[in-house]
Amino acid sequence: MNLQDKRLRILIIGVVVILGVVAFRVISNIMARNTAAKSSRQGRTAVITAAYPKRETIIPKFRFSGTLDPIWQADVAAKVDGRIEKVLVEEGQAVKAGQSLVVLEQIDTAAGLMNAKGTYLDAKTNYEKAKMDVRRYEELYRKGAVSQEALDNMRFALENARGKLEAAQGSLSSAESNMGGTTVTTPRKGIVQKRYFQEGYYAKVGTALFNIADISTLLAKIDVPEGYVNSVAVGGEVVFTIPSMSGDDKTAKGRITRISPVAMQPARTFEAEVTVDNSDNRLRGGMYAEALITAIPKNNVLTIPMTAISMRDDQRTCFAIEDGKAVRKILTTGYIGENLVEVLGGVSEKDYIITGGLNKVREGADVKVSGKESGKE
C-alpha cells in the first residue's frame, strides 16, 4: 500500500467518525426535548367544570319563517259579456258575502230573457193542449170512435211537446242566470284588494274585475323537517314575530290546524298550516313572519348543557372524566335548543361530563374540576 492510499483511508475513517458523533448529538437532543415536553405535559392539569347529565322535562321549540297570507283570496270575474255600467265598491272597502260589486249593461241580456220567456210560454201552451188531446182521444178510443194508431199519434205528440217544454225551461233558466250575472257579487266576505276596470269597459266572460281577500284569518304554511314532525301536533301554539310591524308588540299567536300526512320530495319536509286570528285587522296579508313553534313536551329525557358539546369528524362528542382523565364519548342526540342537548345515547347519568374549559382539554389529558362542582351530586 502506497502512502497516498493510506492517507485516503485515514481521511474516510475520520469523516465517518465525525458524522457519527454529529448524528448521536442530534438524536440525543431530540430525545431530550421530547422527554422534557412529555414531562411538562404530564405535569400540567387542565382545570375545568363538570356536571352529571340530568333527567328533566323539556319543551322543544323550533324556529321557521313564512308568510302570513289571507285564508281566502280570489279574483271575481264576470259571468256574462257586458259593458260596465256602474261600479259599486272601491279598493280597500270591506264587503259582505253576496254584496254587489258592479252592474253590467242589461239591455241585450234583458231582451234575451224576454225571448226565452216567450218561447217557454209557447211551449207550455202546446204541452197543455197536447195533454188535453190525449185525454180526448183516449175517451174516443174507448167508444171505438178512433183507431189505436190515432191515439198513439196523440201520445207521441204529447211527448214531443213535453221535450220542447223542458228545452224551453232550460233556455229560460239560462237567460235568468245571465240576467243575474249582470250584477257581479262577491262569494265571500273580505276586503277589495284590487279593482281592475272603471265604468265603460266591456267585460268578457271570465274577465277578472276585482280581487277580494278575507284577512280576518291569516294562514301560514311552514315546511317542517322530517326529524321534527313527530314533535309537533295539530293544535300546537305558534308565536309569530313580524319584523315589519311598528310599535313594541311585533308578535302574533297562531295554532297549527293541519299537518300534511305525506312528505314533500326531495326535501322530505311536511307542510304545516298555521292559522292566525286577525279579526281586529291588526295584521296585513302577505307579511313576512318568523315562527316559533312550541312542540309536544318530552318527559324524563337525559340532557347535558350545550357547552359540553364538541364536534369531531362531523360527530357530536363530549368528554367524560374517568380516573382523572378526559375520555371522549360519541353522542347520539335528539332535540338541541335552549342551551340544552337531548342525549339519546353515548353517556349515562353516571358519567361525569366536562361542561366548561373544553379549549384546554385533549383526549387522555389530566383534568381537575374547579370549585364546588368537583364533588359528586
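Helix α3 has buried residues, and what covers them includes β6 (100-104), α2 (107-142) and β7 (183-185). Helices (H or I, at least four residues) and strands (E, at least two) are DSSP runs, numbered from the N terminus. This is a predicted model, where local features need pLDDT of at least 70 and side-chain atom pairs count only at pLDDT 80 or more, while totals for chains, interfaces and linings use all residues. Residues are numbered from 1 along each chain as its sequence is written, and side-chain values use heavy atoms, with hydrogens and water left out.

**Helix α3**

- Here's the length check: α3 (residues 148-181) has 34 residues, which at 1.5 Å a residue should span 50 Å, and its end C-alpha atoms are 50 Å apart, so the two agree. The expected span is 1.5 Å times one less than the number of residues.
- The buried residues of α3 are L151, L158, A161, L165, A168, L172, A175 and G181. Buried means under 20% relative accessible area, exposed over 50%, and partly exposed in between (1.4 Å probe, protein chains only).

**The open sheet**

- One of the strands covering α3, β7, turns up again in an open sheet of four strands, ordered β7-β6-β4-β9 with antiparallel pairing. Two strands pair if DSSP finds at least two bridges between them.
- β7 and β9 (202-203) sit at the edges with a single partner strand each, so one side of each is left without a neighbour in the sheet.
- Strand β4 (residues 82-87) pairs with β9 in the antiparallel sense over two bridges, and G82 has A203 as its bridge partner in β9.

**Strand β10 and its partners**

- β10 (208-225) is largely enclosed by the rest of the structure, because 13 of its 18 residues are buried.
- β3 (61-77) pairs with β10 in the antiparallel sense over eight bridges; P70 has L218 as its bridge partner in β10.
- L218 also has a bridge partner in β13, namely V276. β13 (residues 269-277) and β10 are antiparallel, with nine bridges.

- A pocket is an open set of points on a 1 Å grid over the protein atoms alone where a 1.4 Å probe fits, with protein on both sides within 12 Å along at least five of seven lines; lining residues have an atom within 4 Å of a point.
- The lining consists of P70, Q73, Q193, A213, I215, N281, R282, L283, R284 and G285. β3 and β10 each supply at least two of the lining residues.
- By class, the lining has four nonpolar, four polar and two charged residues. Ala, Val, Leu, Ile, Met, Phe, Trp, Tyr, Cys and Pro count as nonpolar, Asp, Glu, Lys and Arg as charged, and the others, Gly among them, as polar.
- R282, one of the lining residues, lies in the loop between β13 and β14 (287-294) and is partly exposed, with a relative accessible area of 35%.
- Leaving aside neighbours within four places in sequence, R282 is in contact (heavy atoms within 4.5 Å) with M245, D249, T251 and A252.
- The C-alpha atoms of R282 and L340 are separated by 36 Å, and the two residues are 58 apart along the chain.

- Most residues other than glycine have a negative phi, and most peptide bonds are trans.
- Q265 and P266 are joined by a cis peptide bond, with omega at about 0°; P266 is in the loop between β12 (251-259) and β13.
- D313, not a glycine, has a positive phi near 55°. D313 is in the loop between β16 and β17 (315-322) and is exposed, at 67% relative accessible area.
- N339 is not a glycine either, yet has a positive phi of about 65°. N339 lies in the loop between β19 (332-337) and β20 (340-345) and is exposed, at 59% relative accessible area.

**S310**

- S310 is in strand β16 (residues 310-312) and counts as buried, at 17% relative accessibility.
- Beyond its neighbours within four places in sequence, S310 is in contact with Q315, R316, T317, F319, R328 and L358.
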